[in-house]
Amino acid sequence: MSRRQKERLAVDVDVPGDGSPDDALEGGAATEPVLETTRSQRRRADAQNLGDGAPREGVAIFRPVERAVLVALHGAGRTAADVDASLDELELLTDTAGAVSAGRIVQRRDVPDVATFVGRGKVTELQALARDLDADAVIFDDELSPAQQRNLEERLQVKVLDRNIVILDIFAQHAVSREGKAQVELAQLSYLLPRLRGWGAALSRQAGSGSGGGIGARRGPGETQLEVDRRKLNRRITKLRGDLHDFSKTRRLKSKDRERHKVPTVALVGYTNAGKSTLLNRLTGASVLVADQLFATLDTTARRLELPDGRAAVATDTVGFVRKLPTQLVEAFKSTLEETVRADLHLHVVDASHADAEGQVLAVDRVLTEIEADAVPRLLVLNKTDAIDRDDLAGLQARFPQAVGVSAVTGEGIDELVERIARAIPPARRLVEATVPYERADLVALAHREGEVLKEEHDADGTLLVANLDRPTSAALADYLAADPWVDAEGRVEGGVGGG
């Protein structure tokens, strides 16, 4: 061992009493030798230290809340019923997140206050109510700006949250797969990044100050802990986006395989807790988690769905939607929502027993437009018909005459729904019969590559093929077909194979 290594090796002795050698001999015990760090190593460790209360990987950022006061604005263009419905939903979200709603406050105001969202008088009233109810948090029904959140926390002296962070917290609790956890963490960090305020005393600490600061550490302001935290979050966000990109590539490969084999996809979309997972289980015999709570299912689940005409489709259960869905979630879950965009048919599942079923339909329509999935054909499904009064159900069906009423729990209406799905998805392939000359062996290879060849025989005229082919492949064989499969019994051409 070199002299320098020996100098770095120090023995830490626990000496009781006044530290005299006699005391050490009587009761002291030497600990295991520890390797003393070098000055550069200490500086690096100081730079990586986040300080108390700062966010770390794998550690919950937001502490649990037990009692909360809910706050909403009654703004221009909103009715009292709209505000109450939104607060009722926020209360459900709060309950799902593990908190208890202790009280509510609503302020009639056309536009939010720039500094505190609600007016000064309402802030004073809110402070008193939170104190009287022994609430440790105040949750606003709309997204707060970082400045509003900071100002409110300083005046109310309790934790101030908004609807977005409550939803993000629920997602964090329910994420199971690696991709789901990465998506939720990305959404959380995207929300947190503009709200970093130094996390208390850590803001004033300089990463390069102190006795181990090194050359030049005392000559300038150094790097604030806030900047260190921000840089760490940015680095983590970049890593998560890269991981999600890899997950997305894997999903696209699977989707391309389904597209190559012309397997139609049916995506179940709808408001959270509308019964999508229960319906998927009923349609496909799957065993997806079912729970009477908001956002119980986050990860996309794909199952085989047998159609009455002998075809098979892929049914996917996607994350549920909600009013005022956080933009961070929409951005983070884009790769998962791609399944919704690429689907051949949407089953828009609605909780028919909900008091505001029509409002939920409109909310889902807005989200589908936001993710550019509104052009996909849609079949409205009124679920939970077993839990609604028949007169109320008749009113909903009159409002949405094309909808199918079902009960995923009892099975009522499921057969009709499957038939409607089969009619809504036109067959991508049709049975064709063709005699292909031997010199056109490339067309035989094309039929094998792009379709499903059921029969192949060779005679003097060429190769006899009986196959299920899509329209473009049939068009390539148009000169050798026994009949055009895209012409119905009455002679009407349904985009004939020679029509391009």
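The model is predicted. A search of the whole structure turns up one aromatic pair. The sheet has six strands and mixed pairing.

**Aromatic pair**
- Phe 117 and Phe 140 make up the pair. Their ring centres lie 5.6 Å apart, with 85° between the planes. That geometry is edge-to-face, because the angle is over 60 degrees.
- Phe 117 and Phe 140 are both buried.

**Charge over a ring**
- Arg 195 lies over the face of Tyr 191. The distance from the ring centre is 3.8 Å.

**Open sheet**
- The strand order is E10-E11-E9-E12-E13-E14.
- Strands E10 (301–306) and E14 (404–405) stand at the edges. Each has a single partner strand, so one side of each has no neighbour in the sheet.
- Strand E9 (residues 265–270) pairs with strand E11 (residues 312–317) in the parallel sense, over four bridges.
- Leu 268 has Asp 317 in E11 as its bridge partner.

**Helices on the sheet**
- Helix H10 (residues 276–284) lies across E9, E10, E11, strand E12 (345–351) and strand E13 (378–383). Helix H10 runs at about 40° to E10.
- Helix H13 (residues 357–370) also packs on the sheet, where it touches E9, E12 and E13. The direction of H13 makes about 150° with that of E12.

How values were computed:
Residues numbered from 1 in each chain as written. Predicted model: local features only at pLDDT ≥ 70, side-chain atom pairs only at ≥ 80, totals over all residues. Heavy atoms only, no water. Phe/Tyr/Trp six-rings, centres within 6.5 Å; stacked < 30°, edge-to-face > 60°. Buried < 20%, exposed > 50% of the residue type's maximum accessible area, 1.4 Å probe, protein only. Lys NZ or Arg CZ within 6 Å of the ring centre and 35° of its normal. Pairing = 2+ DSSP bridges. Helix = DSSP H or I, 4+ residues; strand = E, 2+ residues; numbered from the N terminus. Contact = heavy atoms within 4.5 Å. Axes fitted to C-alpha atoms, helices over the stretch in contact; angles between N-to-C directions.
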